[in-house]
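Hi everyone, thanks for making time this morning. Let me put the sequence and the structure up on the screen, and then we can walk through them together.

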Amino acid sequence: MAELNWQKSTYSAEAANCVYLGASVPGTIHLRESDEPETTLTTTPAALNGLIRTLKTAQAPA
């Protein structure tokens, strides 16, 4: 795999436990956590968007 340009999520704190995102070929997004940078999750923009929307809905006050 080509070297990725990792970017820290804006929602990650300045300390540990940061989430990083990187893009490779069009339509592929890679995610990793700062504690285990060698472990990555690969997804698509649509699937990541669905996850984020679900998490936001789940955290919304009732």
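So, to start: where does Thr28 lie? Thr28 sits in the loop between β2 (19–23) and β3. When I say helix or strand, I mean DSSP runs numbered from the N terminus, with at least four residues of H or I for a helix and at least two of E for a strand.

A quick word on what we are looking at. This is a predicted model, where local features need pLDDT of at least 70 and side-chain atom pairs count only at pLDDT 80 or more, while totals for chains, interfaces and linings use all residues. Residues are numbered from 1 along each chain as its sequence is written, and side-chain values use heavy atoms, with hydrogens and water left out. pLDDT is the predictor's confidence in each residue, from 0 to 100. The protein chain averages 84, and 84% of the residues score at least 70.

Back to our threonine: is Thr28 buried or exposed? Thr28 is buried, because its relative accessible area is 18% (buried is under 20%, exposed over 50%, partly exposed in between, with a 1.4 Å probe and protein chains only). Beyond its neighbours within four places in sequence, Thr28 is in contact with Gly22, Ala23, Thr42 and Thr43, contact being heavy atoms within 4.5 Å. Take Thr42: it is 14 residues away along the chain, yet the two C-alpha atoms are separated by 6.8 Å.

Now the strands around that loop. β2 and β3 run antiparallel, joined by five bridges; strands pair if DSSP finds at least two bridges between them. Gly22, one of the contacts of Thr28, has His30 in β3 as its bridge partner. The β2–β3 hairpin has five residues between its strands, and Gly27 in the turn has a positive phi of about 90°.

On we go to strand β4 (residues 36–43), which pairs with β3 in the antiparallel sense, again over five bridges. Here Leu31 stands opposite Leu41 in β4. This second hairpin, β3 with β4, has two residues between the strands.

One last thing on confidence: which strand scores highest? That is β3 (residues 29–33), at 92, whereas confidence is lowest in strand β1 (residues 7–8), at a mean of 87.
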